[in-house]
Amino acid sequence: MDRQRVSALAHTHHPIAAPVAGVNVNKLLRRAGRGPAARILDLGCGQAAWALQALAHYPDGHADGVDLSAHALERAEAVAAMRELSDRLTLHERDARTYVPDGDYDLVLCVGSTHAFGGFAETLDLAGRHVNPHGVLIVGDGFWETSPTPQALAALDAKPGDFTDLPTLIETAADAGWHPIYAHISDAAEWDDYEWSWTGSLLEWAIDNPGHPDAPEATRLANEHRDQWLRGYRGVLGFATLVLRRRPL
């Protein structure tokens with residue numbers, strides 16, 4: 001089964017692709033405080049849910065969304081058309097690392113996609129090159145809420161050094177020249193909604209398409225992921241979304 005297609009299918013009912021509730025997405029975008037004609041860039045955009053919601057906040061703005069998944073971008077295009085935002089959203093099927101930085105965006109988003117750049121610090125550097133001097137960078141990444149257990153590390157296929165604790169995450173941003181002007185820390189309910197939506201949408205698809213050749217694999221993947229979450233990293237891995245502005249020189 002095509003893993004990109006599985007991911008797109010799994011996130012159909014939770015297109016944010018991060019454990020952040022819609023009300024908190026809106027709160028983060030309000031705290032960004034950009035003007036009505038803001039230029040927006042969403043790196044690793046998936047279905048471009050963040051970019052589309054940003055366009056709702058900035059009615060004269062334009063957004064670029066960058067992602068490698070053709071399936072996710074097709075979904076983004078369909079949703080943009082449904083919301084009558086197609087003329088204000090441009091989608092780019094390419095590696096976010098090779099998107100040419102022009103340093104002229106008012107708001108750059110990279111939420112749940114820091115792996116595309118090699119980690120949080122690398123995202124601050126590379127995504128930050130797209131932000132104009134007075135712009136805002138919103139980055140969402142994981143952190144250890146508690147010391148990682150062997151079960152959590154196995155479930156995430158991670159090493160202890162792959163994530164830091166929350167204070168170190170904030171310090172990393174500060175050391176890279178960014179002021180964290182606001183942050184949202186996802187709570188247990190947001191995590192549960194995200195994970196149940198992820199696994200549940202796959203299982204529902206398999207139930208509704210019993211004759212499809214991919215149905216058994218979708219079921220296996222959903223059950224495997226749910227077990228990794230419940231027995232592995234639930235309550236161990238946290239998620240923080242930071243609103244960042246550059247420190248004055």
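**Entry 1: a loop residue.** I started with Glu84, which lies in the loop between helix 4 (70-82) and strand 3 (89-93). Helices (H or I, at least four residues) and strands (E, at least two) are DSSP runs, numbered from the N terminus. Before going on, I noted that this is a predicted model, where local features need pLDDT of at least 70, side-chain atom pairs count only at pLDDT 80 or more, and totals for chains, interfaces and linings use all residues. Residues are numbered from 1 along each chain as its sequence is written, and side-chain values use heavy atoms, with hydrogens and water left out.

Is Glu84 buried or exposed? I found it exposed, at 69% relative accessibility. Buried means under 20% relative accessible area, exposed over 50%, and partly exposed in between (1.4 Å probe, protein chains only). The phi of Glu84 is positive, near 55°, and Glu84 is not a glycine. I wrote a reminder beside that: most residues other than glycine have a negative phi.

Entry 2: Asp157 sits in the loop between helix 6 (150-156) and helix 7 (166-175). With a relative accessible area of 72%, Asp157 is exposed.

**Entry 3: helix 2.** Which residues of helix 2 (residues 22-32) are buried? I listed Asn24, Val25, Asn26, Leu28, Leu29 and Ala32. Their cover includes helix 3 (49-57), strand 4 (105-111), strand 5 (131-144), strand 6 (178-185), helix 8 and strand 7 (237-246). After helix 2 comes Gly33, with a positive phi near 65°.

Next I looked at how helix 2 packs on helix 3: the angle is about 55°, and the axes are 10 Å apart. Axes are lines fitted to C-alpha atoms, for helices over the stretch in contact, and angles run from 0 to 180 degrees between N-to-C directions. The two helices, helix 2 and helix 3, are therefore oblique to each other. For the wording, angles under 35 degrees count as roughly parallel, over 145 as roughly antiparallel, 65 to 115 as roughly perpendicular and the rest as oblique.

Helix 2 passes helix 3 in a right-handed crossing. A crossing is left-handed if the near helix is turned anticlockwise from the far one by less than a right angle, and right-handed if clockwise. On the helix 2 side I noted Val25, Asn26, Leu28, Leu29 and Arg30, which meet Trp50, Gln53, Ala54 and His57 in helix 3. Contact means heavy atoms within 4.5 Å. The contact of helix 2 with helix 3 has five nonpolar residues, three polar and one charged. Here Ala, Val, Leu, Ile, Met, Phe, Trp, Tyr, Cys and Pro count as nonpolar, Asp, Glu, Lys and Arg as charged, and the others, Gly among them, as polar.

**Entry 4: helices 5 and 7.** Helix 5 (residues 120-128) packs against helix 7 at an angle of about 30°, with their axes 10 Å apart. Helix 5 and helix 7 are therefore roughly parallel to each other. Phe120, Ala121 and Leu124 of helix 5 make the contact with Leu169, Thr172 and Ala173 of helix 7. I sorted the residues of this contact of helix 5 with helix 7 into five nonpolar, one polar and no charged.

**Entry 5: helices 8 and 9.** At what angle do helix 8 (residues 188-208) and helix 9 (residues 215-233) pack? The angle is about 160°, and the axes lie 7 Å apart. That makes helix 8 roughly antiparallel to helix 9. Their crossing is left-handed. The residues in the contact of helix 8 with helix 9 divide into 13 nonpolar, four polar and three charged.

I picked out Trp196, which is in helix 8. Trp196 is partly exposed, with a relative accessible area of 45%. Not counting residues up to four places away in sequence, Trp196 touches Ser201, Arg226 and Trp229. The largest nonpolar core has 49 residues, and Ile40, Leu89, Leu107 and Ile138 touch the most other members. A nonpolar core is a set of buried Ala, Val, Leu, Ile, Met, Phe, Trp, Tyr and Cys residues joined through side-chain atoms within 4.5 Å. A second, separate core of 22 residues includes Tyr105, Val108, Phe120 and Trp178.
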